[in-house]
Amino acid sequence: MTYWSATVARMADMETFKSALNDWIPGRMSEYGATDLLAMQVVLGGEAAGTVQVAFEYPSVDAVLEANAKQAADPDFQRLIQDSGGQLLRRSLLKTWGERGERSGEYATGLYIAHDPLDEDTANNNLDKSWAHMQAGATGIAQSLIVAGGEMTGVTIVLTRTNSMDSLLEASALNFADPEVQQGMAAINARVVGRERARLQG
């Protein structure tokens, strides 16, 4: 089990931010304890369109808090926010519940699912059922529970990566049409409360 510190922001100068993302940010956050990063810009997603979502993975919540403190005090990050015209919209803590496939791809879709309380075994069983369909159009899929995210706390985010959004949408349609998947969703009163299409960065 790992945790993610996920930030949603708007950048007036996206190119300045992307330059830092492709240069010094990964190494700096690795020094601060991050084991991986995910960065994407939402293309289609209602009011979220155009936002930048950057998440760093850590082995514990303590590691998340320590890294966030170091990042906030880092002059380079402070300068980057000024130079790129960054505006913080939200920062949340996520717990990874399961992952299949690879962390690769050109695009990603984020599916926000509200549900009744459930255990990790049930979540992974449902993920296996979905991955049986999704792997036809996806390179990888991961589900994370928002454990500290304001009104979104308790919602699960299913992040699916792909090199073809059309192929992903075809696989997704087959997934949601599967009676076994529908039964698993009904058992936990699962309902989709948001969806985003994004281009991966970095």
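Among the 29 residues that line the largest pocket, Leu111, Ile113, Ser130, Val158 and Phe176 lie nearest its centre; a pocket here is an open set of points on a 1 Å grid over the protein atoms alone, where a 1.4 Å probe fits, with protein on both sides within 12 Å along at least five of seven lines, and lining residues have an atom within 4 Å of a point. This is a predicted model, in which local features need pLDDT of at least 70 and side-chain atom pairs count only at pLDDT 80 or more, while totals for chains, interfaces and linings use all residues. Residues are numbered from 1 along each chain as its sequence is written, and side-chain values use heavy atoms, with hydrogens and water left out.

The volume of the largest pocket is about 480 Å³, taken as the space filled by probe spheres set on the grid points, which are joined across faces, edges and corners. Helix H5 gives the largest share of the lining, 6 residues.

Helix H5 (residues 120-134) also holds aspartate 121, which counts as exposed because its relative accessibility is 64%, the cut-off being over 50% with a 1.4 Å probe and protein chains only.

Helix H6 (residues 165-177) and helix H7 (residues 179-187) have axes, lines fitted to C-alpha atoms over the stretch in contact, that come within 5 Å and cross at roughly 70°. H6 is therefore roughly perpendicular to H7, a term for angles of 65 to 115 degrees.

Terms used. Axes fitted to C-alpha atoms, helices over the stretch in contact; angles between N-to-C directions. Helix = DSSP H or I, 4+ residues; strand = E, 2+ residues; numbered from the N terminus. Parallel < 35°, antiparallel > 145°, perpendicular 65-115°, else oblique. Buried < 20%, exposed > 50% of the residue type's maximum accessible area, 1.4 Å probe, protein only.
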